[in-house]
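Below is a note for a colleague who is opening this entry for the first time. Please keep the sequence and the model in view while reading the numbered points.

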Amino acid sequence: MKSAALNYHHLRYFWVVAQEGSVTRAARRLGVAVQTISVQIAQLEQSLGKALLAPQGRRLVPTEAGRLALAYADQIFQLGEHMGAALRETDAGNTLRLAVGISDALPKLIAFRLMEVVFHLPQQVRLVCREGEFDTLLAELALHRLDVVLTDRPASVGGNLRVFSHPLGEFEITLFGSPALAKRYRKGFPANLGRAPMLLPTRGNALRGQVERWLESQNVAPLVVGEFEDSALLTTFGRAGLGLFPAPSVLGEDIAAQLGAEPVGVLADVRERYYAISNERRIRHPAVEAIRNAPVSWGQPEG
């Protein structure tokens, strides 16, 4: 049996009642009669074949089915608000909006280097950046709240989300530290790293596994004094001199200027790879395409 098409007007009434906990307050917020809301929510429940609201004391609260419907309604109407904002921005002229998700594992200086190409496009670009965990950003991408996600790992193949990973290049990794730590451990590197204080990304991070394998190959076991999901927090602790930390070699000058840290030594054969993840195998957003096709020679080791 074919189900009736969802009435989004009715769904919005349910959404507001669930937020307010009262038909009366929802009617006041929406500027309509209480009876109008009651009738239309009843019609929505009838079309879905499920009760969505139930009394609890003086409030109306979602049923189990109502909580599921509310989760979808949140996504639907939040996405509608984003659409309205995006369309209003087009009134400002030929401005191109780019919503970028930045994985918290991605070094912020690398994120800037990857995105700066969009400011050289013929069109004016309005950049909206959101930082978060990898899985959260992919969910936002799937809901079309983001145009692209920049991250240090590709999306899983065969997952529930239909997204595509576009490699942006790979970057040589160097161990950095405060001037005192760099002076202490630079001489005799890497044999003298045993029991050296070290700050590393959390387990599960692509770089963490590579660094650990490199340390094993050198037969050294440093003292891991901190593990961080957020790359910016990791480097902040590194700036305070609490431990040596890995970062892309290409950022050496920036790290020296911003963190006051110095290189200790290159981690041979350790490379960090970065990806742009989009909803499309063939990218159509001109700014995302610019990021995807930009030369990354600034990130490649010499030689």
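1. In H10, the residues Gly252, Ile255 and Leu259 are buried, where buried means under 20% relative accessible area, exposed means over 50%, and partly exposed lies in between (1.4 Å probe, protein chains only). The labels H and E stand for DSSP runs numbered from the N terminus, helices (H or I) having at least four residues and strands (E) at least two. An α-helix has 3.6 residues a turn, so residues three or four places apart point the same way. On the other side of H10, Glu253 and Ala257 are exposed.

2. What lies against that helix. The cover over the buried residues of H10 includes strand E6 (164-177), H9 and strand E9 (245-248). Just after H10, Gly260 takes a positive phi of about 70°.

3. Basis of the model. This is a predicted model, in which local features need pLDDT of at least 70 and side-chain atom pairs count only at pLDDT 80 or more, while totals for chains, interfaces and linings use all residues. Residues are numbered from 1 along each chain as its sequence is written, and side-chain values use heavy atoms, with hydrogens and water left out.

4. Confidence. The protein chain averages a pLDDT of 87, and 90% of the residues score at least 70, pLDDT being the predictor's confidence in each residue, from 0 to 100. Over residues 299-303 the pLDDT is below 50, although beyond near neighbours in sequence this stretch has 8 contacts in the model, a contact meaning heavy atoms within 4.5 Å. Where pLDDT is low, the predicted coordinates should not be read in detail.

5. Salt bridges at Lys108. Counting a side-chain nitrogen of Lys or Arg within 4 Å of a carboxyl oxygen of Asp or Glu as a salt bridge, the total comes to 12 salt bridges. One of them joins the side chains of Glu131 and Lys108 (3.1 Å, N to O). Glu131 lies in strand E4 (residues 124-132) and Lys108 in helix H5 (residues 108-115), so this pair ties together parts that are 23 residues apart in sequence. Asp230 also forms a salt bridge with Lys108, with the closest N and O atoms 3.7 Å apart. Asp230 lies in the loop between strand E8 (223-228) and helix H9 (231-239), so its pairing with Lys108 in helix H5 ties together parts that are 122 residues apart in sequence. Each of these side chains is partly exposed, Glu131 having a relative accessible area of 45%, Lys108 29% and Asp230 25%.

6. Arg113 forms a salt bridge with Asp254, the closest N and O atoms being 3.0 Å apart. The pair links distant parts of the chain, with Arg113 in helix H5 and Asp254 in helix H10 (residues 252-259), 141 residues apart. Arg113 is partly exposed at 22% relative accessibility, and Asp254 is partly exposed at 22% as well. Elsewhere, salt bridges that share partners join Arg203, Arg208, Glu212 and Glu227 into one network.

7. Aromatic rings. The whole structure holds 5 aromatic pairs, where rings of Phe, Tyr and Trp (its six-membered ring) pair if their centres lie within 6.5 Å, planes under 30 degrees apart counting as stacked, over 60 as edge-to-face and the rest as tilted. The rings of Phe228 and Phe237 have their centres 4.9 Å apart and their planes at 45°, so the pair is tilted. Phe228 is buried, with a relative accessible area of 10%, whereas Phe237 is partly exposed at 32%.

8. Arg282, in the loop between strand E10 (262-278) and helix H11 (286-293), is exposed, with a relative accessible area of 65%. Its C-alpha atom is separated by 29 Å from that of Pro248, 34 residues apart along the chain. Val225 is found in strand E8 and is partly exposed at 44% relative accessibility. Not counting residues up to four places away in sequence, Val225 touches Pro197, Met198, Leu199 and Leu242.
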